[in-house]
Amino acid sequence: MHKTSAVGILANPAAGRDIRRLVAQASVFPLAEKCNMISRLLSALGAGGVDEVYMMPDAGGISRRLLRMLQTPSLQPRPPVTFFDMPVVDGAADTLLAVERMVEAGVGAIVVLGGDGTHRLVAQVCGDTPLTALSTGTNNVFPALREATIAGLATALVATGQVTDDGATCSNKALRVSVNGTRDLALVDICVSTALWTGSKAVWRVDSLSQLFVAFAEADAVGLSSVAGLIRPVSRRDHAGVRLDLAPPGEAAMSVTAPIAPGLVVPVGVAAVHDLLPGERQTVCAPQGVIALDGEREIEFTDGDRVAVWLDDDGPRTIDVERVMARAAHSGLLTSTDQTLSNPLQKGDSTDAAEQG
Amino acid sequence: MSGALHAVTMPKWGLSMQEAKIVEWKVPVGGEALSGDEVVDIETEKIAAAVEARHSGVLRRHIAQEDDVLPVGALLAVIAGADATDSEIDAFVADFQASFVPPDPTASEVGVPTDTVDLSGGVIRYLRRGDSGDVVILVHGFGGDLNNWLFTHEPLAAEHVVYALDLPGHGGSTRDVGDGSLEDFADTLSDFMAALGIANAHLVGHSMGGAIALTFALAHPDLTASLTLIGSAGLGAEIDGTYIDGFVHARRRRDLKPHLEKLFSDPSLITRQLVEDVLRYKRLDGVQDALATVAGQLFPGGRQAAVLRDQLDQLMLPVQVICGVEDRIIPPSHALGLPADVATHTVTGAGHMVQMEASAEVNRLIRDLAG
Amino acid sequence: MQLNKDDALRAYRTMKTIRVFEDRVHVEFETGEVPGFVHLYAGEEAIATGVCLHLDDGDRIASTHRGHGHCIAKGCDVRGMMAEIYGRKPGLCAGKGGSMHIADLTKGMMGANGIVGGAPPLVCGAGLAAKTLGNGRVAVGFVGDGGSNQGTTHESLNLASVWQLPCIFVVENNGYAEATSVKYSTACDDLADRASGFNMPGIVVDGHDFFEVYEVAGEAIDRARAGGGPTLIECKVNRYYGHFEGDAQTYRAPDEVENVRQNRDCIDNFAARAVSAGLVQEDDLASIDRDISDLIEDAVNLAKAAPKPEAEDLLTDVYVSY
Amino acid sequence: MGIKTFQQAISEALALEMERDERVIVMGEDIVGGSGADGEMDAWGGPLGVTKGLWGKFGDRVLDTPITESAFIGAAIGAATTGLRPVVELMFIDFMGVCFDQIFNQAAKFRYMFGGKAETPVVIRTMFGAGLRAAAQHSQCLYPLFTHIPGLKVVVPSTPYDAKGLLIEAIRDNDPVIFCEHKLLYTQEGEVPDEAYTIPFGEAAVVREGEDLTIVTLGRMVHRAVEAAEALAGSGIDCEIVDLRTTSPMDEDAILESVENTGRLVVVDEANPRCNIATDISALVAQSAFDALKAPIRMVTAPHSPVPFSDALEDLYIPTAASIEAAARELAEYRS
């Protein structure tokens with residue numbers, strides 16, 4: 001075991017309160033629940049042998065709440081939590097800076113609590129540090145909706161080096177975008193719209209969409225990638241992605257009824273479907289518009305701006321919680337035995353006992 | 001007449017009167033009283049007026065004393081022949097008092113009930129008194145109602161069938177006054193008579209009611225037995241426009257009272273309750289509009305629109321005109337210079353509301369004409 | 001929800017008018033000529049503008065003590081407002097209301113309000129009137145982060161939801177209730193989260209971003225007009241001046257305001273993006289700037305020259321009739 | 001016309017006005033009763049049944065509210081400035097404590113603050129007064145507090161006839177009106193026309209004329225004053241009773257006129273004695289009719305205490321005919 005094993009926890013206080021609540025009854029994920037998740041996570045990290053946790057200070061109230069919570073005694077020992085001493089601007093810059101600090105601190109893994117947008121930010125700066133991607137809300141594709149306790153255990157097992165084999169983490173694709181040389185990325189999809197303004201960020205009107213690039217597309221996903229997922233599914237592990245040329249439903253050859261946001265299932269016109277191979281630079285057809293990264297309008301571009309999109313296979317590494325836990329079971333990582341007592345696994349004739357042997 | 005003993009009792013004036021105060025005896029004990037003479041002044045919460053003798057004789061005894069407050073029907077005095085003995089009178093009084101039951105003040109609508117009839121123009125409220133004799137119809141003036149005749153109902157009912165109605169826009173009748181013209185009101189009158197099966201009537205009209213009665217008589221001479229016009233409109237152009245205007249628009253006691261005081265020669269007759277009663281009527285929805293419509297039609301710009309005096313000579317029926325010398329609403333001079341066969345009576349000590357201020361005289365004149 | 005050029009210019013004109021108006025009041029206040037309490041809206045212009053651009057005179061808004069921006073955005077006469085702030089007879093409220101009570105019901109402006117949390121119940125009423133009369137109108141209530149803690153606000157959110165009123169509650173969270181931070185005075189983290197307890201959508205928007213406010217407000221207003229019920233919109237924003245004029249603001253971090261002014265100013269941000277998108281030209285904006293400069297100069301001069309109310313005005317307007 | 005109760009008179013006024021004007025709505029706590037529940041609608045019609053039946057006739061224009069007085073009184077006020085003419089019920093006047101801001105800072109001030117450009121035609125109906133053993137928070141006479149506020153009109157009717165006429169007047173009035181109904185008057189009977197009618201504000205009723213002494217009073221105390229006056233008449237003391245009907249505006253002329261005639265004044269007010277209507281009228285008369293006074297002014301009011309619960313105490317708290325009579329006798333016998 002490492003002398004010290006540290007984990008970073010990055011929780012975005014601002015996720016999940018956008019216009020989708022208004023137009024599509026999107027779920028509400030209160031901050032208090034995020035803090036409860038972190039508390040459960042801390043218990044599991046402690047149980048898994050992590051002895052230091054780094055976190056981002058925030059203006060939204062997570063750090064304030066946690067500090068209060070950490071002062072109250074807990075049945076389950078929790079590792080000490082350090083909040084970075086850093087300026088808080090209550091924006092994306094906070095996340096970027098905090099993740100950089102975590103990497104500098106040599107954390108063995110970073111647990112990210114947030115939506116696709118938060119993960120996107122983390123991915124820009126996390127380098128090789130593996131992420132445990134936890135969704136806070138129902139509107140996400142990249143992170144999973146998963147119990148924080150289990151995620152914490154798996155993270156601890158990886159961060160402490162108890163599980164090291166390659167299957168424990170996996171690599172992801174990423175979509176890159178460059179506007180006049182300024183780069184950004186998306187983990188699931190990039191969509192080009194002819195709307196002029198980023199406005200309320202979320203993409204929830206499809207009339208103006210012209211192109212959709214997806215790194216992966218699952219048939220049971222929610223979000224823009226579902227449009228591809230329903231006609232040309234590609235997995236996270238597949239080499240390529242997909243590019244769709246979109247048009248208003250009446251003007252396109254094909255129309256897909258797609259769940260583009262929770263509670264919002266609408267027809268989307270598809271004019272053409274193409275493979276998207278890593279490294280192939282794609283041009284954007286619209287002369288002027290907005291680029292949405294993982295479903296959020298982020299970049300306004302106009303005539304004369306140089307815009308390019310491409311697929312990359314060097315996205316962030318993520319911890320495969322299921323595999324790590326299976327490995328833990330297989331190797332008895334969370335098991336200890338008392339030789340003075342008879343081993344319960346050796347009494348019966350179950351297959352578990354046979355495997356354990 | 002000797003030997004006959006007659007009770008002078010507390011009259012019932014109007015729908016709500018329950019009692020009155022004895023103010024002053026006009027005929028002393030031993031004094032002679034003729035039928036129709038004022039015997040005693042009394043004061044109700046609404047108005048002060050005199051009780052008339054219904055029989056002629058000697059006023060033998062005052063039963064009520066000044067300042068007494070007595071219920072309707074109570075014995076006030078005894079009129080008898082000079083030859084009746086004191087013991088006869090004692091027995092008469094004892095007998096009366098033994099059988100007298102004062103009215104129950106808690107019963108609603110105590111006293112004379114009114115009735116309603118549904119005409120094509122709407123519901124009309126009216127009062128009917130008396131069982132036999134010619135029909136007399138009493139038509140009140142602008143802003144008035146059948147209670148303007150409260151001193152007339154009973155005295156006439158002895159020998160006539162008396163109707164007093166509320167004109168449209170007034171009292172308990174419909175608020176729909178049509179265009180508010182004399183012709184409309186006259187039509188209501190003929191509808192009223194038809195609905196109640198009255199073939200022929202002596203019409204008595206006060207003020208605007210006089211002009212209505214006159215308009216009716218000109219249109220329906222066959223239905224009209226005689227015409228008594230009291231403080232009547234329709235006989236000249238002048239009228240106190242400030243009164244009409246003030247009456248229509250006043251909402252408060254303080255604003256209304258000065259106008260009502262113009263109606264009487266003696267302004268002290270306007271009690272707080274009388275003002276309140278007029279206000280209660282005027283407060284009802286639709287009344288102010290109805291009055292404004294009528295006023296606009298009949299008295300535009302403070303003048304009477306219809307002057308019918310030249311048509312009086314067309315009437316081949318008995319007509320009399322009564323006016324108060326101190327009438328401040330319609331000049332008493334309108335009663336002058338009428339055709340010779342129109343009897344004109346000017347009453348001193350009376351203002352516009354002659355039938356209230358000089359009820360005994362007015363009642364006598366009506367009886368005289370109606371026979 | 002696309003903006004056309006006219007709308008974009010209108011938005012700019014409104015925001016800039018508010019800014020120049022407030023900056024000028026700030027200057028004039030320091031001369032001692034502006035009486036009473038004055039609370040300036042500078043920095044928050046995108047909110048009033050982004051919301052009110054969706055409304056016309058028949059729609060109602062009710063405001064806060066920091067109400068100048070809402071008044072201007074809702075179409076109140078700027079000269080009348082300035083005269084009112086100076087306490088002059090030609091003022092929008094005849095000099096009887098002052099900065100905290102500017103109203104113009106003919107413009108659907110139900111009044112700035114000196115009581116924190118004053119607007120929400122009134123807005124429920126305007127919403128109830130619209131619903132009862134079936135005229136398709138909406139009502140927008142502005143409250144601050146301080147006002148959002150008032151019982152009136154909570155009761156009104158509940159009532160609006162129970163009655164499904166066409167109401168929008170806009171919380172202008174500028175971080176401070178007077179001199180107390182929202183972090184201290186508010187038990188929840190995002191004020192918008194409270195909406196879920198009242199069964200209505202609660203959205204957080206960047207109150208510096210006109211486009212975001214405009215879009216979210218537009219959706220909420222359309223939804224309310226269509227009978228979809230109320231919405232709570234929390235706009236996170238910064239005020240450029242103190243709670244009131246004369247507030248030394250020592251409770252704020254030294255560079256707090258300057259950072260926002262430099263990097264997140266709603267008007268600069270709007271102008272840059274609108275020009276970059278080719279929707280408006282620099283010249284258009286410069287011309288509007290000149291108009292506004294003249295307008296505010298004129299408003300101040302008129303206000304200063306205007307007569308004060310007279311003794312006989314003291315007792316008028318207490319009642320319609322008495 | 002017919003004999004009706006105070007309660008029927010109010011109900012009739014509401015129904016007539018709702019019929020006449022679609023902008024009139026009625027709202028309040030349980031004024032329908034049963035909203036959202038599984039049983040019958042219109043289960044209550046208000047705690048005493050005053051508004052029962054309106055919902056059946058007018059549907060959505062009769063609204064039950066949550067028990068959130070700030071919101072719904074404020075909403076009524078907001079609606080009044082934006083096109084409706086709401087009649088909103090504040091169940092007990094004591095509850096003004098949780099919504100007073102809406103009434104005195106908002107409704108009462110709009111017209112003045114906004115330079116005469118606002119109209120707030122709202123009527124707040126509210127139940128007041130002791131005598132129901134309802135104790136300290138459901139029995140007060142708080143109309144003096146409203147009377148104190150410029151911009152509000154305050155009505156305190158004493159008879160069914162007045163209740164109907166004054167309520168219709170209140171609904172048609174373009175200013176905010178606080179309409180205070182004494183809870184022990186609801187069963188009071190009197191003649192009330194079937195039609196709509198209005199009684200102007202600021203016009204006191206002289207319910208009894210008299211020469212010797214003026215009793216100025218209002219609400220339920222009018223009836224106690226009449227009782228006292230009848231007893232006094234037996235001793236040759238002739239009382240004039242002035243029923244204020246409205247405390248704002250107040251008919252000062254009627255008070256002064258009467259006192260100038262009688263020279264003696266008893267003011268009867270069920271409210272607590274400090275800064276109430278009795279003190280107000282006493283000040284008025286002392287200031288404007290001092291020379292007419294033949295004796296000091298006497299105030300008969302509740303004591304300076306909360307309303308007690310026990311009947312033994314509450315009966316002592318409320319001014320009685322006997323206490324009015326005693327005050328009047330004292331004045332009648334006064335020799336300077």
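**Chain contacts and folds**

Me: How many residues does the contact take from chain B and from chain D?
Reply: Two residues are in contact if their C-beta atoms, placed from the backbone, lie within 7 Å. On that basis, the contact takes nine residues from chain B and 13 residues from chain D.

Me: Which helices of chain B each supply at least two residues of the side that touches chain D?
Reply: The model is predicted; local features need pLDDT of at least 70 and side-chain atom pairs count only at pLDDT 80 or more, while totals for chains, interfaces and linings use all residues. Residues are numbered from 1 along each chain as its sequence is written, and chains are lettered from A and ligands numbered from 1 in the order in which they are written. Helices (H or I, at least four residues) and strands (E, at least two) are DSSP runs numbered from the N terminus. In chain B, the helices that each supply at least two residues of the side touching chain D are α6 (253-261) and α7 (272-283).

Me: How does the side of chain B that touches chain D divide by class?
Reply: Ala, Val, Leu, Ile, Met, Phe, Trp, Tyr, Cys and Pro count as nonpolar, Asp, Glu, Lys and Arg as charged, and the others, Gly among them, as polar. By these classes, the side of chain B that touches chain D has one nonpolar, one polar and seven charged residues.

Me: Which pair of chains has the most contacts among the three pairs that touch?
Reply: In one of the pairs, 37 residues of chain C are in contact with 37 residues of chain D. On the chain C side, α5 (119-133) and α6 (151-162) each supply at least two residues, and α5(C) gives the most, with 10 residues. The residues of that side divide into 21 nonpolar, 11 polar and five charged. Among the three pairs of chains that touch, the most contacts are between chains C and D.

Me: How far apart are the closest C-alpha atoms of chain A and chain B, which no contact joins?
Reply: Chain A and chain D are likewise joined by no contact, and their closest C-alpha atoms lie 24 Å apart. For chain A and chain B, the closest C-alpha atoms lie at a distance of 50 Å.

Me: What is the radius of gyration of chain B?
Reply: The secondary structure of chain B comes to 10 helices and 16 strands. The radius of gyration is taken over C-alpha atoms, and the globule rule is 2.2 Å times the number of residues to the power 0.38. For 371 residues that rule gives 21 Å, and chain B is close to it, so chain B is as compact as a globular protein of that length, with a radius of gyration of 21 Å.

Me: Which strands of chain B stand at the edges of the open sheet of eight strands?
Reply: The order of the sheet is β9-β10-β12-β11-β13-β14-β15-β16 (chain B), with mixed pairing, where two strands pair if DSSP finds at least two bridges between them. Each edge strand has a single partner strand, so one side of each is left without a neighbour in the sheet; these strands of chain B are β9 (115-119) and β16 (342-347).

Me: Which residue is the bridge partner of B:R129 in β12(B)?
Reply: Strands β10 (residues 122-129) and β12 (residues 161-165) of chain B run antiparallel and are joined by four bridges. In β12(B), the partner of B:R129 is B:V162.

Me: Is B:S207 buried or exposed?
Reply: B:S207 is found in the loop between β13 and α4 (208-219) of chain B, and has a positive phi of about 55 degrees although it is not a glycine. A residue is buried if 20 or more other C-beta atoms lie within 10 Å of its own, exposed if 12 or fewer, and partly exposed in between, with C-beta atoms placed from the backbone. With 29 other C-beta atoms within 10 Å, B:S207 is buried.

Me: Where is D:P249 found?
Reply: The peptide bond from D:S248 to D:P249 is cis, with omega near 0 degrees. D:P249 itself is found in the loop of chain D between β12 (246-248) and α9 (252-262).
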